[in-house]
Amino acid sequence: MIKSSFFEYRVATSGLFSAQGKLQVTSHNIANAGTKGYTRQYAKQRATIPISYRDGRGMYGTGSELYGIDQIRNKHLDEKYRNLTGTLGEHSSKVSQMNLVEKAFNDLEGNGLNSKITEIFNELQELSLNPGDLTVRNNFLTKGVTFTELITSIGGALEKQQSEINNEIKFTVERINGLGKQISSLNEQIKLYELNGDKANDLRDQRELLVDELSGYVNVKIREEEKNTNFDPNDISKGLSRKEFIVQINGYTFVQGDTVNTLKTVEREEVDKMNPNDIDGLYDIVFEKSSQNFNIYSNSLTGSLKGLIDARDGNNNKHMNYTDGINSYGEIFKDTTEYKGIPHYMDKLNEFIRVLSRGFNEGVDYEGNKLDGVIGHIDGYDLYNEKGNTLFTYTENGVALNKVSSVSDMDYSKMTYKTFSMNTDMLRDPRLFSASESEYSDESNANVIIGFLDMQKNRELFAEGSIENYANGVTIEIGISVEQATKFESLYTDNVEVTENQRLSVSGVDLNEEMMLMMQYQQQYQASAKLINIIDGIYDTLINSIGR
């Protein structure tokens, strides 16, 4: 091939256009230096196809060209960032939720479990000195009512929190769906823009930013699949690349190209309750079109959705030691997660009042074994010389079970923080309180009360030890959960920040670097322009000389 006349113009002009194109890309980078999610772009430049020298002794270069504009991203850092963001979202949710659980149980301003129990036993101490005094009896019973109200209040706070978490789960699912729809819309736009082989970098940035946000709600995996099976980047005849962007959440395909496999929340039926104390209307998650179950208890699940699920449903199922998920009261706990969430503390609250009530009513420990020196209220005698009845009991259909013919009539599985009550007959008539161990005793007989006082410090009452041990154990358990979640939140906040800085060092716009590149491309442009002027002068001299 013989080079044409004015060939040098073509070479110099190609350099001019290449420099101009790179200046435009640099200008775009500088303009978006503060744009969130923007990825630094660069122009890909290469030498154009050379032509052979006429006698075959070499080749002439034909200049340069820009053959694409690409982004600088590190997929490994993107994946690392999203994994960390998901874990951070999980622990941030747990911190906020467990702080509320702690607030429900805490001992602030003397209103916690231990303080109310202490008040009850202080009144019992006073009553042991004056067992026949109706005013002192009434004071004790009033403290007992306050205690039952506290239990109901704590349980109610846990139920309210469970309801609020449930609503937040619904909102989270809606937000996940919204992000999926935006990603699918961008997939369609990107597909249209890239039909001719170009790359829609700015639209891709928007998509990556949405994936970043999605990873905070649920664990995400992304990939691009080549749909043109014949595609060969080195063979134009094989056609252009046709990549399809796919997003998976928790292992399920969520977005594929321009289609979204949306989620929806469905209310559980009564028979599907995971925990016996769960409120009505808790949501499960399924895929809207297929109704396929979205496994909310998957070990791989992360993100704020995981934190909310654990807080709402976590019953510490791996450590309950229940046979086939059924506890000693016949309540069914299904497998959820090992996390100690609200159902776990609902169960701890119920266990507390059941064991304590049996101790007062029957004088037995958590396994039903008789406590040394403790006479149950049912086995004592009141001021009417009548056999005692329940002290702490439960309501059925709003009516308290005050009288039982034997201990077997008490079904403690029906005693929950919702139904917990003092003997209402006794509240109306404090003479019904049983202080004596035998009938026709002197009013000063307080052996039942003395047994109750001994029970306060009895380390056999609960599996965990004394009343104080149990109450403190619950508080400490919650505190450990809060502390652990807080530490993880702090750790992953730092890790996310470090990884984000690493991503920015690769993908972010460095204005100093862009300024240097701008000067470099400007010099390249000026040099190409100067070369055109020189070539123009050479041809001007040559033509004008020949003309004369």
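Here are some numbered notes on this predicted model, from the whole chain down to single residues.

1. **Ground rules.** Residue numbers start from 1 along each chain as its sequence is written, and side-chain values use heavy atoms, with hydrogens and water left out. Since the model is predicted, local features need pLDDT of at least 70 and side-chain atom pairs count only at pLDDT 80 or more, while totals for chains, interfaces and linings use all residues.

2. **Overall build.** You're looking at 11 helices and 13 strands; these are DSSP runs numbered from the N terminus, with helices being H or I of at least four residues and strands E of at least two. The radius of gyration is 38 Å, well over the 24 Å from the globule rule for 548 residues, so the chain is more spread out than a compact globule. (That radius is taken over C-alpha atoms, and the rule is 2.2 Å times the number of residues to the power 0.38.) Along the principal axes, the C-alpha atoms fill a box of roughly 150 × 45 × 35 Å.

3. **Burial and surface.** Of the 548 residues, 47% are buried; buried means under 20% relative accessible area, exposed over 50%, and partly exposed in between, with a 1.4 Å probe and protein chains only. The chain exposes about 27400 Å², and carbon and sulfur atoms supply 49% of that (Shrake-Rupley method, 1.4 Å probe; for residues, only the protein chains shown count as cover).

4. **Contacts across the sequence.** Take the contacts (heavy atoms within 4.5 Å) with a separation of 6 or more: 68% of them join residues 24 or more positions apart.

5. **Helix H4.** This one covers residues 134-193, which is 60 residues, and reaches 88 Å from its first C-alpha to its last, close to the 88 Å expected at 1.5 Å a residue. The expected span is 1.5 Å times one less than the number of residues. At its N-terminal end sits a cap, Asp133, with a side-chain oxygen 2.8 Å from the backbone nitrogen of Thr135.

6. **The largest nonpolar core.** There are 95 residues in it, and Phe105, Phe294 and Phe352 touch the most other members. H4 gives the largest share of this core, 16 residues. (A nonpolar core is a set of buried Ala, Val, Leu, Ile, Met, Phe, Trp, Tyr and Cys residues joined through side-chain atoms within 4.5 Å.) Beyond its neighbours within four places in sequence, Phe105 contacts residues including Ile154, Leu158, Leu349, Val474 and Ile478.

7. **Phe433.** Although Phe433 lies in the loop between helix H8 (424-428) and helix H9 (447-456), Phe433 is buried at 1% relative accessibility. Among the residues it touches, leaving out those up to four places away in sequence, are Leu124, Arg137, Phe140, His377, Tyr381 and Phe452. Phe433 and Leu308 are 125 residues apart in sequence and 45 Å apart in space, C-alpha to C-alpha.

8. **Asp313.** Setting aside residues up to four places away, Asp313 touches Arg268, Asn275, Leu282, Ile296, Tyr297, Thr336 and Pro343.

9. **Two asparagines with positive phi.** Asn250 has phi near 55 degrees, a positive value in a residue other than glycine, and Asn397 has a positive phi of about 55 degrees too. Asn250 is in the loop between strands S6 (243-249) and S7 (252-256), and counts as buried at 6% relative accessibility. Asn397 is in the loop between strands S11 (392-396) and S12 (399-400), and is exposed at 83%.

Methods: A polar contact is a pair of N or O atoms within 3.5 Å; within protein, one must be able to donate a hydrogen and the other to accept it, and residues adjacent in sequence count only if both atoms are side-chain atoms.
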